[in-house]
Amino acid sequence: MSHETHDHHHEPGCGCGCHGDQPNPFAELNPVLDRYADIPGSLITILQKAQELYGFLSVELMRHIALETHTSIAKVYGVATFYTQFRFEPVGKYLIMLCQGTACHVNGSKQVEEAVMDYLDIKEGETTSDGLFTLNNVACLGCCSLSPVMMINDDTYGQLTRDKVTHILAELKEAAKSDVIGLETSAQEVTA
């Protein structure tokens, strides 16, 4: 699989996906494309790896995948929109997946959702203005014995209450603030 510009000259924004004379903004995906592009049935794997790298699937990214896999953009978009695991908008640093399955619902997931929305001042599917948190309801996390349950990135939190959720979110906000302060301190030390 070649990721070089075609033999003929293209202008930026020409719509062919070649990026004109600009560097490929999706170069990090090249090893994945080299491995899977010519393997039938690997489109989902490529989309998963692309989302891991870039956080979501932009139209430009899906167009690039279509070109590199010799697949129509309609097929790439169709596969991506069929599966709920794929996102088409950027998400916050902390992606909250709140279970709304039967066990969680019976044990108070709606009150937990209200606590999250009240504390972060967002609705389901939205991201906080500071870009830290995104709230997504999901059908089931498979952790029914921990209900009500949520995942934040790769961490699972169970037997949730309004107070417990507020405490978890406050800790994550504080950790994010510490990360920023740590980065600023590091930058000051480098420039000093």
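**View 1. Ser-58 reaches for a backbone nitrogen.** The side chain of Ser-58 comes to 3.0 Å from the backbone nitrogen of Leu-61, a polar contact (a pair of N or O atoms within 3.5 Å; within protein, one must be able to donate a hydrogen and the other to accept it, and residues adjacent in sequence count only if both atoms are side-chain atoms). Ser-58 sits in the loop between H2 and H3; helices (H or I, at least four residues) and strands (E, at least two) are DSSP runs, numbered from the N terminus. Ser-58 counts as buried because its relative accessibility is 15%, where buried means under 20% relative accessible area, exposed over 50% and partly exposed in between (1.4 Å probe, protein chains only).

A word on what you are looking at: this is a predicted model, in which local features need pLDDT of at least 70 and side-chain atom pairs count only at pLDDT 80 or more, while totals for chains, interfaces and linings use all residues. Residues are numbered from 1 along each chain as its sequence is written, and side-chain values use heavy atoms, with hydrogens and water left out.

**View 2. The whole chain at a glance.** Here you can find seven helices and four strands. Starting at the N terminus, the elements follow the order α-α-α-α-β-α-α-β-β-β-α. Of the 192 residues in the chain, 35% are buried. Among contacts (heavy atoms within 4.5 Å) between residues at least 6 apart in sequence, 59% join residues at least 24 apart.

View 3. H2 covers residues 43-54. Which residues of H2 are buried? They are Leu-43, Ile-46, Leu-47, Ala-50 and Gln-51. These residues cover an arc of only 135 degrees around the axis, so they lie on the same side of H2; the arc is that of the directions from the helix axis to the C-beta atoms. The buried residues of H2 pack against helix H1 (30-36), helix H3 (59-69) and helix H4 (73-82). Just after H2 comes Gly-55, with a positive phi of about 90 degrees.

**View 4. Thr-69 tucked into helix H3.** Thr-69 belongs to helix H3 and is buried, with a relative accessible area of 11%. A polar atom of the Thr-69 side chain lies 2.7 Å from the backbone oxygen of Ile-65. Leaving aside residues up to four places away in sequence, Thr-69 touches Leu-33, Ala-37 and Ile-46.

**View 5. Four strands in an open sheet.** The strands line up in the order E2-E1-E3-E4, with mixed pairing; two strands pair if DSSP finds at least two bridges between them. Strand E2 (133-138) and strand E4 (155-157) are the edge strands, each pairing on one side only. On average, neighbouring strands are turned by 20 degrees against each other, direction ignored. Strand E1 (residues 94-99) and strand E3 (residues 150-152) run antiparallel and are joined by three bridges, and Leu-98 stands opposite Met-150 in E3. Helix H6 (residues 109-120) lies across E1 and E2, at about 155 degrees to E1; axes are lines fitted to C-alpha atoms, for helices over the stretch in contact, and angles run from 0 to 180 degrees between N-to-C directions.

**View 6. Asp-154 in the loop between E3 and E4****.** Is Asp-154 buried or exposed? Asp-154 is exposed, with a relative accessible area of 73%. From C-alpha to C-alpha, Asp-154 is 10.0 Å from Met-97, and the two are 57 residues apart in sequence.

Notes
The expected span of a helix is 1.5 Å times one less than its number of residues.
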